[in-house]
Amino acid sequence: MFLRMPARCRVCQGALPVAPLVAYHNMPRIAQHLPDRAALAQETGTDLIVHQCAYCGLVQLTGAPVPYYRQVIRSSGFSPEMKRFRQQQFQTFVKDHGLQEKKIIEIGCGNGEYLSVMREFCRGSCGVEAADTAVAQCTARGLSVVQGFVDAASYRLPGAPYDAFFMMNFLEHLPEPNTTLRGIHGNLAGNGVGLIEVPNFNMILDTQCFTDFSTEHLSYFTRETLVRTLELNGFSVLRADAIWHDHIISAVVKKRPGVNLDDFARQQERLKEVVGRYVAQFGGQPVAVWGAGHQAFATLVLLDLGEKIKYVVDSATFKQGKFTPVTHVPIVAPETLTADPVAAVLVVASSYSDEVAALLKKKYAHI
């Protein structure tokens, strides 16, 4: 007997439940490149199997993507109302982030419908598109577009790094959304921002619009799962709102900066000097440390105190009689402070430091 291995979530890679949320049979296989009369005899339907990841919550199809998933096809047109909406939206995006003289790239620009609007507000706007015919059409319209598809975290776009990007209703088509998002991330400047939009699955749920499942849309994002996906791939989400009659979730993101630990080295040198002077004032008399935890062990190494400390005090009996890692200072019971006195005690006990200091003042006031 063979057991079917569960599919993996497209975002978090967790195993999807074996049982689907719903399965629709004999559904349209494609929504673009429709069959003509000659092809009808061979045209067949397909099954749409809908799962929800139990870990990240993303609702998704488990089937293969349509053959043309790399292309952006906006067959529904670009109405005057939509154009006015995009003009206002793009103008605000450019102004809010100071992008008027910066470089913006559209990921999956199709025939340049949105790119032409963005260029009204940022002349440095350009695009990348997989379909050669679409690239040719954009070029003929005077738009700056290259042929390509961000299919790896290491993918490098011509002209990178970019100050900003936008990707409109394309992420849901991708079989590996993480890969594309990480590729975009790698092509942004350190403070790069972006505008990402996907169909609003919250609205689909609220209206019970069961006809909205399609082979073209592999992922069905709610606001929560979109934010989670973007954060997983290196972005901080500045806002994520339902727009366009609630049909779209629009997220503004910023490339998450790396943590800067430069101050750690400066703090280490400062404390090494301060503690070194403190210990030196006792003229070679013995000094102890209270605390046999990881912070104390690291302190002995990083402040170069190993040979300057006579012993380490700790109340945990299972540590007593042992030695500190690397510096090999003996660990003793608190009573040793009376039996074998020292000139001073450095308290390195993390959140217990205040409690230990109070104990020292009360019970070992002679130190």
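Helix axes here are lines fitted to C-alpha atoms over the stretch in contact, and angles run from 0 to 180 degrees between N-to-C directions. The model is predicted. On that basis, helix 4 (residues 177-186) packs with helix 6 (residues 223-232) at about 55 degrees. Their axes are 9 Å apart.

**Helix packing**
- The crossing of helix 4 past helix 6 is right-handed.
- Helix 4 contributes Asn178, Leu181 and Arg182 to the contact, and helix 6 contributes Thr229, Leu230 and Leu232.
- By class, this contact has three nonpolar residues, two polar and one charged.

- Strand 3 (residues 59-61) and strand 9 are joined by two bridges.
- In strand 9, tyrosine 220 stands opposite valine 59.

**Backbone exceptions**
- Most residues other than glycine have a negative phi, and most peptide bonds are trans.
- The bond from alanine 160 to proline 161 is cis, with omega near 5 degrees.
- Proline 161 sits in the loop between strand 6 (145-147) and strand 7 (162-168).
- Glutamine 13 has a positive phi, near 70 degrees, and lies in the segment before strand 1.
- Glutamine 13 is partly exposed, at 44% relative accessible area.
- Histidine 328 also has a positive phi, near 60 degrees, in the loop between strand 13 (311-313) and strand 14 (331-332).
- Histidine 328 counts as exposed because its relative accessible area is 56%, and the cut-off is over 50%.

Note on methods. Residues are numbered from 1 along each chain as its sequence is written. This is a predicted model: local features need pLDDT of at least 70, side-chain atom pairs count only at pLDDT 80 or more; totals for chains, interfaces and linings use all residues. Side-chain values use heavy atoms; hydrogens and water are left out. Helices (H or I, at least four residues) and strands (E, at least two) are DSSP runs, numbered from the N terminus. A crossing is left-handed if the near helix is turned anticlockwise from the far one by less than a right angle, and right-handed if clockwise. Contact means heavy atoms within 4.5 Å. Ala, Val, Leu, Ile, Met, Phe, Trp, Tyr, Cys and Pro count as nonpolar, Asp, Glu, Lys and Arg as charged, and the others, Gly among them, as polar. Two strands pair if DSSP finds at least two bridges between them. Buried means under 20% relative accessible area, exposed over 50%, partly exposed in between (1.4 Å probe, protein chains only).
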